[in-house]
Amino acid sequence: MKRDELLKRAREAAAHYRVTRGKGFRLSAHDPGDSLGYGSDRKPRARELLKRGVEMLADYQQMLYAQDRWSVLLIFQAMDAAGKDSAIKHVMSGVNPQGCQVYSFKAPTSEELDHTYLWRCMKALPERGRIGIFNRSYYEETLVVRVHPRILDSQKLPPALVTRDIWKQRFEDIANFEKYLARNGVAICKFFLNVSKDEQKQRFLERLERPEKHWKFSESDVHERDHWDKYMRAYQDAIRHTAAPHAPWYVVPADRKWFTRLVVAAAVIDTLDSLDLHYPRVGPERVEELAAAREALLGSGDG
Ligand code: ATP
Ligand code: MG
């Protein structure tokens with residue numbers, strides 16, 4: 001497949017799963033098992049497409065780095081075992097590690113709790129020219145914290161500020177923060193890997209049954225399943241309040257890992273392509289200087 005055709009396909013797939021306007025967004029309208037009509041028999045083809053996509057991504061990344069103007073922030077949010085880690089691993093497998101920064105957000109430390117919640121995220125933002133990956137993010141402040149309000153009690157907020165409007169206020173602040181980033185050259189792409197409750201159960205069972213996956217199993221992940229519906233409502237609300245053309249959400253079907261990776265790769269390619277990246281061009285004077293430097297080097301007679 002030619003490069004243009006690949007790009008066209010990536011654009012189409014990205015557009016299919018992109019949410020840029022939250023009003024009326026309903027998670028139930030998104031099927032975790034969807035694969036755009038590709039059956040499992042297309043897996044080898046999907047693998048080939050992903051390989052080509054990863055090569056394309058590497059080219060864009062080099063230009064992003066050379067141009068040193070934009071940075072790209074990829075945010076991954078999902079229930080456990082939805083495939084965040086493997087999507088990140090596969091999609092970014094071809095990029096130069098020097099141009100890529102991954103940060104995994106866990107429950108905040110006591111130092112982090114001494115600051116406002118965006119502090120730790122601000123520090124982890126990618127530099128210009130780099131791709132930054134947030135494995136979980138400030139969105140947890142409207143997800144796990146909303147599902148378990150007792151976490152709020154540990155956040156050391158002045159009690160008078162903890163009102164029933166707190167989630168709405170957090171959405172507002174996050175939306176403003178993302179607008180600020182976008183206005184300053186950060187291209188944002190947010191992924192919700194949409195796995196079904198059934199598929200998650202199968203993946204947990206696999207972690208229990210396969211010795212090489214035992215290390216991934218955690219009892220607490222299973223307990224979180226009791227709150228599944230609350231999590232889905234929280235995700236839906238977060239997407240409703242924070243989807244925007246400059247900070248779109250991609251609701252990626254996550255019951256088939258090979259398809260998830262393809263959609264994530266497509267969205268990242270589409271985002272990078274939209275930045276009009278190119279290697280810095282030099283003016284005629286500089287071209288002359290470079291030619292002179294070449295002559296001098298050739299004539300230097302030192303071997
Ligand atoms: P994996 O399980 O694949 O290693 P993970 O992202 O689930 O990846 P864990 O260390 O298992 O990593 O989990 C991180 C935990 O930290 C999650 O349960 C998440 O909800 C929690 N967390 C992240 N941010 C916050 C936050 N702001 N407040 C409270 N808990 C948070
Ligand atoms: Mg986990």
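Contact here means heavy atoms within 4.5 Å. Keep that cut-off in mind for the first stop. The model on screen is predicted.

**Stop 1: helix α3**

Select residues 84-91, which form helix α3. Which of its residues are buried? Colour K84, S86, A87, I88 and V91: these are the buried ones.

Now show what lies over them. The cover for the buried residues of α3 includes helix α2 (43-67) and helix α12 (257-274). Strands belong to the cover too, among them β2 (71-78), β4 (131-135) and β5 (186-194).

**Stop 2: helices α8 and α11**

Next, select residues 166-183 for α8 and residues 228-242 for α11. Two packed helices are described by the angle between their axes and the distance between the axes. Here the axes come within 9 Å of each other. They cross at roughly 50°. The crossing of α8 and α11 is right-handed.

Show side chains at the contact. From α8, pick F171, I174, A175 and E178. From α11, pick D237, A238, H241 and T242. What classes of residue make up the contact of α8 with α11? Four are nonpolar, two are polar and two are charged.

**Stop 3: salt bridges**

The model has 20 salt bridges by count. Visit three of them.

Go to R130 and E127. Their side chains form a salt bridge, at 3.5 Å from N to O. Are the two partners buried or exposed? R130 has 17% relative accessibility, so it counts as buried. E127 is partly exposed, with a relative accessible area of 44%.

Move on to E206 and R210. This salt bridge has an N to O distance of 3.2 Å. E206 is partly exposed, at 27% relative accessible area. R210 also counts as partly exposed, at 36%. Together, E206, R210, E212 and K213 are linked in a network of salt bridges.

Finish at R294 and E295. Their side chains meet in a salt bridge at 3.6 Å, N to O. R294 has a relative accessible area of 52%. Exposed means over 50%, so R294 counts as exposed.

Note on methods
Residues numbered from 1 in each chain as written. Chains lettered and ligands numbered in written order. Predicted model: local features only at pLDDT ≥ 70, side-chain atom pairs only at ≥ 80, totals over all residues. Heavy atoms only, no water. Axes fitted to C-alpha atoms, helices over the stretch in contact; angles between N-to-C directions. Helix = DSSP H or I, 4+ residues; strand = E, 2+ residues; numbered from the N terminus. Left-handed = near helix turned anticlockwise from the far one by under 90°. Nonpolar A, V, L, I, M, F, W, Y, C, P; charged D, E, K, R; others polar. Salt bridge = Lys/Arg side-chain N within 4 Å of Asp/Glu carboxyl O. Buried < 20%, exposed > 50% of the residue type's maximum accessible area, 1.4 Å probe, protein only.
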